[in-house]
Amino acid sequence: MPDQTVDLEKLHRLAHAYNVATEFWGFHGEHEHVSAQTLIAVLAAMGVDAQSDEAIDNELVAKEEAPWRQILPSCVVTRDDQEHGVAVHVPHGWDVELWIECEDGTQRSVRQGEDFTPPRVIEGHTIGQATFVLEPGLPLGYHTLHARVSHSQTDNSAQDSTPLIVTPGTLTKGSLSEQRSWGMMAQLYSTRSAQSWGVGDTDDLLEMASLFGSMGADYLLVNPLHAAQPIEPLSPSPYLPVTRRFFNPLYIRPENIREAAYLSGPERSLITWAGETVKKDSLKNSHIDRDSAWKAKREALEVIFKAGRSQAREREFARYRRSEGQGLEDFALWCALVEFYDGAHFPEELRDVRSNGVARARVKLRDRIEFWAWLQWVMDQQLADAQRAAKAAGMTFGIAHDVAVGVHPQGSDTWTIPEAFAHGIGVGAPPDMYNQQGQNWSQPPWRPDALEKMGYAPLRDMVRTVLRHAGLLRVDHVMGLFRLWWVPEGFAAHQGTYVRFDHEAMVGVLLLEAYRAGAVVVGEDLGNVEPWVRDYLRERGIWGTSIFWFEKDDEGNPLRAEDYRSDALVSVDTHDLPPAAGYLAQEHVSLRSRLGLLVEPEEVVLAQAHRELETVLTRLRQYDLIGENPSEREIVEALHVYLTKTPSALLCVSLVDAVGERRAQNQPGTDQEYPNWKIPLADGTEKVVLIEDLAKNPRLLSLVESFTKAMAS
């Protein structure tokens with residue numbers, strides 16, 4: 001137990017040294033102070049001992065001296081349009097030179113600037129500081145910064161190197177400044193066709209992209225497609241993946257794999273039989289059963305995999321494995337081990353990915369490793385097909401992917417790169433108007449110090465993979481690049497605190513990968529966001545997010561259309577709210593009441609919701625978008641036409657709004673109480689809407705017509 005008498009001033013100094021907030025401003029403007037117990041627990045998760053005053057003193061000294069104990073910083077991240085100083089620490093009086101080894105193999109010298117910092121004595125050695133200047137105009141990319149240290153009077157010398165990441169000052173490639181764009185957003189798992197295996201898949205993605213592209217949409221935004229558990233039970237939440245770098249093979253359409261066309265008659269029968277039952281599930285308005293769908297699909301995929309590949313296809317698969325490198329091999333091994341141990345905890349000798357036991361497992365399970373790597377190759381190819389179809393249909397950006405804020409605590413990432421994570425911590429959010437008890441999403445956060453030591457490789461690899469076949473990227477909870485709400489294990493969600501990241505480095509790496517992919521980036525900057533963050537994102541060329549229901553003026557009324565931000569993706573709602581029809585029916589109140597999530601009496605919250613709805617209708621009438629007694633369909637269409645009156649060049653229509661669905665996909669703050677992420681696409685009468693139905697769905701066609709006509713006017 002921590003010493004309850006620790007000096008708070010010292011504890012706060014230590015917390016600030018590690019960018020841990022000791023106070024913050026709440027959603028309603030209240031000034032909150034973080035408890036000593038929370039600070040001690042959060043620091044412990046970062047490997048910092050704050051249990052006593054003596055420990056705190058030692059940690060403060062260690063933190064202050066850390067830069068002086070190494071020649072170069074752990075990693076240097078700079079912008080291509082700014083000058084950047086690099087502090088170098090060497091024995092006092094020694095000579096030092098710096099140079100850059102660029103990605104292309106060329107070298108550049110680095111000039112030394114002025115630095116009058118006094119030397120310091122570290123363990124009896126006098127250490128000096130020199131500053132070198134990285135000039136603007138350096139090539140974008142991942143380079144290496146080298147240092148050579150020598151003494152003119154002796155033969156002593158030393159060398160050091162560190163990653164140098166040069167990022168775009170602002171993201172201009174893929175700019176939206178020339179024209180307005182709109183897109184459709186859908187939860188892929190819930191959007192199925194008659195040939196889906198119980199869950200929407202890459203073929204459904206392709207079909208939707210082609211359809212909406214023909215309607216004039218420039219992108220199709222889908223939920224995160226990150227990998228889930230390799231065997232049942234699968235987590236239903238697309239925002240709780242086992243890794244964010246690789247994809248969920250649940251979304252594969254088996255029949256679209258090239259080798260499926262060359263199967264023998266008996267082998268084809270096995271594929272047909274595997275899919276018979278779950279394909280019927282796609283026609284039902286029952287909760288989506290991922291476990292049944294994946295069990296059936298995996299049986300079919302095993303048949304196709306065992307049938308083999310041509311020599312050319314085998315070489316293509318081998319090239320894919322080489323390009324993805326150790327990250328893919330480790331992920332595939334993790335999948336094989338989970339399968340081998342049937343989801344149980346690994347034995348002690350297999351809990352360290354670098355152990356001899358794991359090395360032996362790589363050999364023993366090489367065939368299964370190949371299978372799980374093959375699934376990623378198939379997903380990569382089918383996602384590429386969907387993107388090609390989207391672009392062929394006229395979409396400017398094509399498929400738009402979503403990136404979750406974190407990963408499952410027992411997922412592959414925490415096994416393959418455990419040093420990157422703070423253990424014993426769950427990421428979440430403090431209380432706000434819609435989640436009054438706060439949230440704990442039970443996802444372990446990256447450690448800021450570990451990311452720097454790793455040259456931000458986990459972030460780089462994740463973004464690069466997701467963007468390979470996408471033209472737009474949505475970053476869920478973009479504040480996670482700046483700060484995250486850390487909740488120590490055993491603490492309530494509201495008892496956490498914020499931990500800051502090096503946002504210059506995090507955003508810079510994101511922009512570098514987006515630039516190379518030619519993609520646009522949208523940050524979900526809802527909730528408790530510091531105002532300067534939105535200015536910063538705008539400066540760096542990242543779009544924000546505006547949701548109609550959340551945009552209010554100073555009096556609490558719906559924000560006038562002309563007062564919206566011009567640099568935000570604008571939509572009526574989000575996946576964490578009921579669709580527009582459900583919101584109009586005040587389902588967001590009755591649902592939370594049934595689930596016991598309200599902290600005020602239901603009648604009070606219901607009255608507030610009713611007053612809010614009246615202000616919405618009043619605002620729509622002020623723009624002549626509805627009459628006195630509008631129908632539900634007319635109000636929903638008016639809400640979307642209202643978006644076109646805003647100055648934003650990036651607009652979004654939700655598919656659930658377009659077909660009249662009322663049920664929410666997710667109710668934050670619940671786990672088993674509500675069927676989160678299991679609601680199939682249906683209309684207002686809860687009749688299933690299939691992909692084949694969309695092209696002739698009267699409500700969708702009416703909304704798209706009114707919306708696009710308003711955009712053109």
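Helix 1 and helix 3 cross in a left-handed way. Everything here comes from a predicted model, so keep that in mind as you read. Helix 1 covers residues 8-17 and helix 3 covers residues 53-65; their axes come within 10 Å and cross at roughly 30 degrees. In general, the angle between the axes and the distance between them are how a pair of packed helices is described.

Who does the touching? On the helix 1 side, the contact is made by Lys10, Leu11, Arg13, Leu14 and Ala17, and on the helix 3 side by Ile56, Asp57, Glu59, Leu60 and Lys63. Sort the residues of this contact by type and you get five nonpolar, five charged and no polar ones.

## The cores

Now for the inside. The largest nonpolar core has 115 residues, and Phe212, Leu220, Trp374, Leu655 and Leu694 are the ones with the most contacts inside it. Helix 9, residues 366-392, supplies the largest share of this core, at twelve residues. There is also a second, separate core, with 70 residues, including Ala470, Phe482, Met506 and Leu510. As a general background note, nonpolar side chains tend to be buried together in soluble globular proteins.

Zoom in on leucine 655 from the largest core. Setting aside neighbours within four places in sequence, leucine 655 is in contact with Met184, Met185, Ala186, Thr191, Met208, Phe212, Leu681, Leu694 and Leu700.

Not counting residues up to four places away in sequence, glutamate 370 touches Phe305, Arg309, Glu314, Phe317 and Arg321. Glutamate 370 and alanine 336 are 34 residues apart in sequence, and their C-alpha atoms are 9.2 Å apart in space.

## The annotated stretch

The unreviewed UniProt entry carries the annotation "domain: MalQ N-terminal beta-sandwich" for residues 72-168. In the model, residues 72-168 are 61% strand and 0% helix, with the end C-alpha atoms 23 Å apart.

Threonine 167 sits in strand 10, which spans residues 157-167. Is threonine 167 buried or exposed? With a relative accessible area of 1%, threonine 167 counts as buried because that is under the 20% cut-off. Leaving out residues up to four places away in sequence, threonine 167 touches Val77, Thr78, Arg79, Asp80, Leu140, Gly508, Val509 and Arg540.

## Some loop residues

Here's how a few loop residues compare on accessibility.

| Residue | Relative accessible area | Class |
|---|---|---|
| Asparagine 19 | 41% | partly exposed |
| Glutamine 586 | 14% | buried |
| Arginine 253 | 5% | buried |

Asparagine 19 is in the loop between helix 1 and strand 1 (23-25). Phi of asparagine 19 is near 60 degrees, a positive value in a residue other than glycine. Glutamine 586 also has a phi near 60 degrees, again positive and again not in a glycine, and its loop runs between helix 15 (580-584) and helix 16 (587-594). Most residues other than glycine have a negative phi, and most peptide bonds are trans.

Speaking of peptide bonds, glutamate 232 and proline 233 are joined by a cis one, with omega at about 0 degrees. Proline 233 lies in the loop between strand 13 (226-227) and strand 14 (243-247).

Last stop: arginine 253, in the loop between strand 14 and helix 5 (265-281). What does arginine 253 touch, not counting residues up to four places away in sequence? The list is Ser193, Gln195, Ser196, Trp197, Asp201, Thr202, Asp203, Asp204 and Gln382. Arginine 633 is 380 residues from arginine 253 along the chain, and their C-alpha atoms are separated by 34 Å.

Notes:
Residues are numbered from 1 along each chain as its sequence is written. This is a predicted model: local features need pLDDT of at least 70, side-chain atom pairs count only at pLDDT 80 or more; totals for chains, interfaces and linings use all residues. Side-chain values use heavy atoms; hydrogens and water are left out. A nonpolar core is a set of buried Ala, Val, Leu, Ile, Met, Phe, Trp, Tyr and Cys residues joined through side-chain atoms within 4.5 Å. Buried means under 20% relative accessible area, exposed over 50%, partly exposed in between (1.4 Å probe, protein chains only). Helices (H or I, at least four residues) and strands (E, at least two) are DSSP runs, numbered from the N terminus. Contact means heavy atoms within 4.5 Å. UniProt positions are given in the numbering used here, feature names are shortened, and annotations may be inferred rather than shown by experiment. Axes are lines fitted to C-alpha atoms, for helices over the stretch in contact, and angles run from 0 to 180 degrees between N-to-C directions. A crossing is left-handed if the near helix is turned anticlockwise from the far one by less than a right angle, and right-handed if clockwise. Ala, Val, Leu, Ile, Met, Phe, Trp, Tyr, Cys and Pro count as nonpolar, Asp, Glu, Lys and Arg as charged, and the others, Gly among them, as polar.
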